[in-house]
Amino acid sequence: MIQVEHIYKSFNGKPVLQDVSLEIKEGETMAIIGRSGSGKSVLMKHLIGLLTPDQGRVLVDGIDINRIPYGELRQVRRQFGVLFQGGALFDSMNSFDNVAFPLRTFTKRTEAEIRREVEHCLNVVHLPDVGTKNPSELSGGMKKRVALARAISLRPRYIIYDEPTSGLDPETSNTIDELIKDLGDQLNVTSIVVTHDMHSVLSIADRAAFIYATRLHWAGTIDELHQSTDEVLRAFVKANEYAIGEPTLSSPAGTSS
Amino acid sequence: MPSLQLSLTKPFFSLGRFVLLLSKAFASLSEFSLYRKNFFIQMVRIGIESIPIVALAAAFSGAVTTVQTAYQLVSPLIPRSTIGAIVVPSMIMELGAVVTGFILAGRVGARIAAELGTMRVTEQIDALEAMGLNSIGYLIVPRVMAGVLMFPVLYIAASFIGITGGLLVAEFSGLVPIGEFVQGARSFYQPFGPYFGLIKSFVFGFVITSISCYMGYFTEGGAEGVGKSTTQAAVISCVYILLSDLVLAVLLL
């Protein structure tokens, strides 16, 4: 379980997160939603200690990750798989070596075992034939899928997806959404999806947390999201409806949508 | 007023961050087995791949120094062997290390800063950290160690090639025969010269790689930030090569 307790973060005096508290339960898929620049990715980086809060704390399985030595923090991080916004594949390696990198670095498996595992991971993301390709030869969607294969190669307990569908066409976005859903079901991982794509949220998440104006404005289940009368949240979702071109949120009683 | 305060404190902030970066890097030496492969790759990139350009620059430096020294020696009272006495110590004590340093500041320093800067802005460094790897150790230790170890090798090669270049020009342009050139070099030879050059090359190797790693690792912004870090890495490395050259000369000679 991950608990975020009253965290504050500012950059050069400008507040980015203020008094944000959140709980992510074991096995669930939590979507962190909000407009671009609202601080979602900053919050995501706090979950694995890439950023340290000015105030407040982040607990992973009860461990305050900002108060433990760096060596222990690295052990905590090994329970996470992270899909970064641009994939963050290593340019100097081909796709196979990118996926094999965590296995070669952190396990004592033989090269044959690593090959089998990498092929399995690339099959999971439906890219069995890209092993020899360099990141520069892959499309945006393929990069994200290879990065996802790398993220799951060590069988993490938590997977964090930072804007997994941004910049992708609707069909590829659906493929990524299905992968996230399948991975959640197959590997029984806890997933945290940072996104502003409501279509994704409604199709894959169990719960959502809405960051607005540096604060956690709303949090609840997807059913509660459907029923919410919160005007700011509804305006955000409504804007997504127009962008996606399909209705996603039912009208709450007594209001017109 | 705040901007004045910022510009006054910035050098101290940078120095503190530089020292912290290096202390974190070398604190991770116990995990060297994780970085070994990267270390050998960097030895090839920093050392072996630099040999052609270093050799070219050294050969021409030696040749030009020989020609210019001969041009200065207009008096018939000064023996022509003096050319060897000037060219050889110049290559061993100064040009071999400094010319190599400047070339590597551009070639290796810019490359390191661009590589690490690009990794920073494309979140590859965050990806390393998120996996549970010590990114500072993994990226910086192999580069600095490879620089410190390979730079003396390049210095030795540069000095040898530079002297050979001077020798050949002296012989084939008729400035001074090889025998006289060597005799001049031997008569004024200082045994400490090669050691001095080697010490300088260790220091220059450390200066170039550590400054370039620092500039690249803390790159901010996108492509523009990478460009800025790359330029600064080369320029600042050159400045510190000159400064350390002077400091070492004052301290050791």
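## Exercises on a predicted two-chain model

Read along the sequence, chain B follows the pattern α-α-α-α-α-α-α-α-α. This is a predicted model, in which local features need pLDDT of at least 70, side-chain atom pairs count only at pLDDT 80 or more, and totals for chains, interfaces and linings use all residues. Residues are numbered from 1 along each chain as its sequence is written, and chains are lettered from A and ligands numbered from 1 in the order in which they are written.

**Exercise 1.** Describe the secondary structure, span and burial of chain B.

*Solution.* Step 1: chain B has nine helices and zero strands, taken as DSSP runs (helices H or I, at least four residues; strands E, at least two) numbered from the N terminus. Step 2: the C-alpha trace of chain B spans about 70 × 50 × 30 Å along its principal axes. Step 3: of its 253 residues, 47% count as buried (20 or more other C-beta atoms within 10 Å of the residue's own, with C-beta atoms placed from the backbone).

**Exercise 2.** Determine how α4(B) and α7(B) are oriented to each other.

*Solution.* Step 1: two packed helices are described by the angle between their axes and the distance between the axes. Step 2: helix α4 (residues 82–121) of chain B packs on helix α7 (residues 178–187) of chain B at an angle of about 60°, with the axes 6 Å apart. Axes are lines fitted to C-alpha atoms, for helices over the stretch in contact, and angles run from 0 to 180 degrees between N-to-C directions. Step 3: α4(B) and α7(B) are therefore oblique to each other, since angles under 35 degrees count as roughly parallel, over 145 as roughly antiparallel, 65 to 115 as roughly perpendicular and the rest as oblique. Step 4: residues of α4(B) that meet α7(B) include B:Thr82, B:Ile83 and B:Val88, and those of α7(B) include B:Glu180 and B:Phe181. Two residues are in contact if their C-beta atoms, placed from the backbone, lie within 7 Å.

**Exercise 3.** Which residues make up the contact between chain A and chain B?

*Solution.* Step 1: chain B gives twelve residues and chain A gives 15 residues. Step 2: helix α5 (residues 124–130) of chain B supplies the largest share of the side of chain B that touches chain A, five residues.

**Exercise 4.** Where is confidence in chain A lowest and highest among its named elements?

*Solution.* Step 1: the mean pLDDT (the predictor's confidence in each residue, from 0 to 100) of chain A is 88, and 93% of its residues reach 70 or more. Step 2: confidence is lowest in helix α9 (residues 231–244) of chain A, at a mean of 77, and highest in strand β4 (residues 55–60) of chain A, at 95. Step 3: over residues 251–257 of chain A, pLDDT stays under 50. Where pLDDT is low, the predicted coordinates should not be read in detail.

Methods. A residue is buried if 20 or more other C-beta atoms lie within 10 Å of its own, exposed if 12 or fewer, and partly exposed in between; C-beta atoms are placed from the backbone.
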